[in-house]
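Biologist: I am new to reading protein models. Could you walk me through one, feature by feature?

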Amino acid sequence: MLYESVMEGCHIMDKTTIPDGRGGVETVYVKGAPIDVAFSFNDSQSVVIANQEQVTDLYTLITRKNVVLQAGDIIKRDKNGSTFKIESDGDDSTPPEISALNMRQVRAKKW
């Protein structure tokens, strides 16, 4: 499939806590499972207008069916370290079982 040819290495970022050295805790993100993602910058007219009004860049991310990203998940792009916050649930865009497409998509914004 064409989308598979443009997939890039990424990691899901796992949220965890560590001691802050002063008796409290600090929330940090650490590299979790590796995944492959195809990125598509959303450049529709309404998004371009929103971007001019200081709204964060919006993307459509395509993963394989067995990767289920959820709203609030964070992923990190391996090639440049960019991070993205998932804005929709991957469960909402799964092709039917009889489909040959091994993909699902989510919306994301730069984070």
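Biologist: In what order do the elements of the protein chain run from the N terminus on?

Modeller: Reading from the N terminus, the order is α-β-β-α-β-β-β-β.

Biologist: Where in the protein chain is confidence lowest, and where is it highest?

Modeller: Let us begin with the general idea. Where pLDDT is low, the predicted coordinates should not be read in detail. Here, helix H2 (residues 45-52) has the lowest confidence, with a mean of 55, while strand E4 (residues 74-77) has the highest, at 97. For the protein chain, the mean pLDDT is 86, and 85% of the residues reach 70 or more.

Biologist: Now the strands. Which barrel do they form, and in what order does it run?

Modeller: To read a sheet, follow which strand pairs with which. In this model, six strands form a closed barrel that runs E1-E2-E3-E6-E5-E4, and the pairing is antiparallel. On average, neighbouring strands of this sheet are turned by 45° against each other, direction ignored.

Biologist: How many bridges join E1 and E2?

Modeller: E1 and E2 pair over 11 bridges in the antiparallel sense. As an example, Ile18 has Glu26 in E2 as its bridge partner. The hairpin of E1 and E2 has five residues between the strands, and there Gly21 takes a positive phi near 85°.

Biologist: And what are the bridges from E1 to E4, and from E2 to E3?

Modeller: E1 and E4 pair over four bridges, also in the antiparallel sense, and Met13 has Ile74 in E4 as its bridge partner. Four bridges join E2 to E3, which run antiparallel; in E3, Ile62 is the bridge partner of Ala38.

Biologist: Which residues touch the most other members of the largest nonpolar core?

Modeller: Here is the general idea. In soluble globular proteins, nonpolar side chains tend to be buried together. The largest nonpolar core here has 13 residues, and Ile35, Val37, Phe39, Leu61, Leu69 and Ile75 touch the most other members. Two or more residues each come from strands E2 (25-41), E3 (58-63), E5 (83-86) and E6 (104-110). E2 gives the largest share, three residues.

Biologist: Let us look at Ile75. Is Ile75 buried or exposed?

Modeller: The relative accessible area of Ile75 is 0%, so this residue counts as buried. Ile75 sits in strand E4. Beyond its neighbours within four places in sequence, Ile75 is in contact with several residues, including Cys10, Ile12, Val37, Leu61 and Phe84.

Biologist: How far apart are Ile75 and Asp14 in sequence and in space?

Modeller: They are 61 residues apart in sequence and 8.8 Å apart in space, C-alpha to C-alpha. For the protein chain, residues 24 or more positions apart account for 53% of the contacts with a separation of 6 or more.

Biologist: What about Glu8: is Glu8 buried or exposed?

Modeller: Glu8 has a relative accessible area of 16%, and because the cut-off for buried is under 20%, Glu8 counts as buried. Glu8 is found in strand E1 (residues 8-19).

Biologist: With which side chain does the side chain of Glu8 make a polar contact?

Modeller: With the side chain of Arg77, at 2.8 Å. Setting aside neighbours within four places in sequence, the contacts of Glu8 are Ile35, Asp36, Val37, Phe39, Arg77 and Lys79.

Biologist: What percentage of the residues of the protein chain count as buried?

Modeller: Of its 111 residues, 33% do.

Definitions and conventions
Residues are numbered from 1 along each chain as its sequence is written. This is a predicted model: local features need pLDDT of at least 70, side-chain atom pairs count only at pLDDT 80 or more; totals for chains, interfaces and linings use all residues. Side-chain values use heavy atoms; hydrogens and water are left out. Buried means under 20% relative accessible area, exposed over 50%, partly exposed in between (1.4 Å probe, protein chains only). A polar contact is a pair of N or O atoms within 3.5 Å; within protein, one must be able to donate a hydrogen and the other to accept it, and residues adjacent in sequence count only if both atoms are side-chain atoms. Contact means heavy atoms within 4.5 Å. pLDDT is the predictor's confidence in each residue, from 0 to 100. A nonpolar core is a set of buried Ala, Val, Leu, Ile, Met, Phe, Trp, Tyr and Cys residues joined through side-chain atoms within 4.5 Å. Two strands pair if DSSP finds at least two bridges between them. Axes are lines fitted to C-alpha atoms, for helices over the stretch in contact, and angles run from 0 to 180 degrees between N-to-C directions.
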